[in-house]
Amino acid sequence: ATSEGRVYLRMNEVEHLWAEGGYTTVHCTNGTRYLVCKHLGAMEKDLPNDHFFRCHHTHLINLTKVVKTFRTDGMRVQMENGKMISVSRRRWSALAMALERLL
């Protein structure tokens, strides 16, 4: 639910989610963003963990939208839209395993 009402998105329309205090911004593949009145942790519980992965305390990514991973200049993933998202060191190996499971 957003401040304007409910928005229904298909899983493949969501690229990543970003925590902003007690709110979460949902970033869609078409560039649209929605501010949701829900913590990222609550959003994480509502989404299927075989497709969505908490790569950082502020980011939840759609694994099907990851194009590339980088270990240089900090651990990061590149999403389909070109956006670079940080991955915490302690989540790096779990991310690699989650991406392998999708293949």
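This is a predicted model: local features need pLDDT of at least 70, side-chain atom pairs count only at pLDDT 80 or more; totals for chains, interfaces and linings use all residues.
Local features were taken at pLDDT of at least 70 and side-chain atom pairs only at pLDDT 80 or more, whereas totals for chains, interfaces and linings use all residues. Numbering runs from 1 along each chain as its sequence is written, and side-chain values rest on heavy atoms, with hydrogens and water left out.

A nonpolar core here is a set of buried Ala, Val, Leu, Ile, Met, Phe, Trp, Tyr and Cys residues joined through side-chain atoms within 4.5 Å; buried means under 20% relative accessible area, exposed means over 50%, and partly exposed is anything in between (1.4 Å probe, protein chains only). The largest such core has 14 residues, and those touching the most other members are F53, I61, L63, V77, V87 and L95. Two or more residues each come from β4, β7 and α2, with α2 giving the largest share, 4 residues. Helices (H or I, at least four residues) and strands (E, at least two) are DSSP runs, numbered from the N terminus. Leaving aside residues up to four places away in sequence, L95 touches F53, I61, L63, V77 and V87, where contact means heavy atoms within 4.5 Å. Another core, of 10 residues, lies apart from this one and includes A19, V26, C28 and L40.

Helix α2 deserves a look of its own. Spanning residues 92-102, α2 buries W92, L95, A98 and L99. Viewed down the axis of α2, these buried residues fall within an arc of 120° and so line one face of the helix; the arc is that of the directions from the helix axis to the C-beta atoms. The buried residues of α2 pack against β4, β5, β6 and β7, while the face turned away from the buried side carries the exposed residues M97, E100 and R101.

Next come the charged side chains. The count comes to 4 salt bridges, each being a side-chain nitrogen of Lys or Arg within 4 Å of a carboxyl oxygen of Asp or Glu. One of them joins R54 and E44 at 2.8 Å, N to O. R54 sits in strand β4 (residues 52-56) and E44 in helix α1 (residues 40-46), so this pair ties together parts 10 residues apart in sequence. E44 is partly exposed, at 32% relative accessible area. Another bridge pairs K65 with E80, the closest N and O atoms being 3.8 Å apart. This pair links distant parts of the chain, 15 residues apart: K65 is in the loop between β5 (59-62) and β6, and E80 in the loop between β7 and β8 (84-86).

As for rings, the charged end of R76 sits over that of F70, 5.0 Å from its centre (the criterion being NZ of Lys or CZ of Arg within 6 Å of the ring centre and within 35 degrees of the ring normal).

Most residues other than glycine have a negative phi. D73, although not a glycine, has a positive phi of about 55°. D73 lies in the loop between β6 (66-70) and β7 (76-79) and is exposed, at 74% relative accessibility.
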